[in-house]
Amino acid sequence: MKIAIIGVGTVGSAVATAVKNTGFVHEIVLFDRDGVRARAAADDLGHAASFGFDVKITAVSNYRAIRGSDIVIVAAGANQKPGETRTDLLTKNAAVISDIIPRVMANVDSKNVKIIILTNPLDVMVMLAQKLSRLNPGRVIGTGTMLDSARLRTILSRQLGVSTQSINAYVLGEHGDSSVIDWSSSAVGAFKLDDFCKQMKISLPQSTRNTIAHRVRNAAYEIIRGRGATWDGIGAAAADLLRCIINDEHRILTVSAVSGTGADMVAMSLPRVVGANGVIATLRPKLPASDAAALRRSAKIIRKNFDAI
């Protein structure tokens, strides 16, 4: 399995490390317009590979070198700065994706390649990449709210005193400020969240849930304020999505992909079955009226931003 990573900044480097550590790829191509940076990243990661999986790692600044890649991960683009929202990056990163995708498609097998988008604002960039690539929508995938959902599970884990592995809880909609937590289907083990809390005598009132939702939506801002950028979480999310595709796991992940047609076409995160061919199926959760309305608003925000470019 050959993987190409486009953009070897902070996020791209973290993704490369996480992907290498899966042990599921035999070759990683690191592409960056800055050839010096790409070579430095390849050398550093290559040295680390001697302590783990034997992976061929090459640095390139020419798109021809990505030929033969089964999956292309796009991590290029401007990152959020303190005080910026993901939407603030819209125009700058639309230009980046518009430059990258045609060049990628000229050098890959369009019948088989899958493209993973990490660039923000993610859902809009997924829509743009799918339009430019003309690939089946199921093969242009954004990590979506995988990371948001992981943040939610982590916060709930600490609140409830159980492992994150026992919690099933999803964040839906935009990978951004309009995301929606699906509280109604959240579960701990085989128990609905409310049932679990009742049996364990744990109070989780609406005020607490509102606080949790706020923490999930603002987690990236807090990390950026203290660290300058986020990279470990998205690196792990990208590697997990990659593993799901490579192993044809048919796992349910809250990834972003284009669905609908015409004016109703939008990319946002919903529970989707993911396997070797990318997104295989999309599930539509039954939401309370207020959450369903919030999800529709989230979709409208994404579509409005896409139309703006």
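User: What makes residues such as Gly7 and Asp32 part of the lining of the largest pocket?

Analyst: In this predicted model, the largest pocket is lined by 21 residues, and Gly7, Asp32, Arg33, Ala76 and Gly77 lie nearest its centre. A pocket is an open set of points on a 1 Å grid over the protein atoms alone, with protein on both sides within 12 Å along at least five of seven lines, and lining residues have an atom within 4 Å of a point. The elements giving two or more residues to this lining are α1 (10–20) and α3. About 380 Å³ of space lies in the pocket, a volume being the space filled by probe spheres set on the points, which are joined across faces, edges and corners. The model is predicted, so local features need pLDDT of at least 70 and side-chain atom pairs count only at pLDDT 80 or more, while totals for chains, interfaces and linings use all residues. Residues are numbered from 1 along each chain as its sequence is written, and side-chain values use heavy atoms, with hydrogens and water left out.

User: How do the residues of that lining divide by class?

Analyst: They comprise ten nonpolar, seven polar and four charged residues. Ala, Val, Leu, Ile, Met, Phe, Trp, Tyr, Cys and Pro count as nonpolar, Asp, Glu, Lys and Arg as charged, and the others, Gly among them, as polar.

User: What is called the largest cavity, and which residues are closest to its centre?

Analyst: A cavity is a set of points where a 1.4 Å probe fits but cannot get out. The search of the whole structure finds one cavity of 30 Å³ or more, and the largest holds about 290 Å³ of space. Its lining has 22 residues, with Val11, Asn79, Leu118, Asn120 and Thr230 closest to the centre.

User: Why are β7 and β11 called edge strands?

Analyst: Two strands pair if DSSP finds at least two bridges between them. The open sheet has the order β7-β10-β11 with antiparallel pairing. β7 (167–168) and β11 (191–192) each pair on one side only, and are thus the edges. Strand β10 (187–188) meets the criterion with β11 over two bridges.

Notes
Helices (H or I, at least four residues) and strands (E, at least two) are DSSP runs, numbered from the N terminus.
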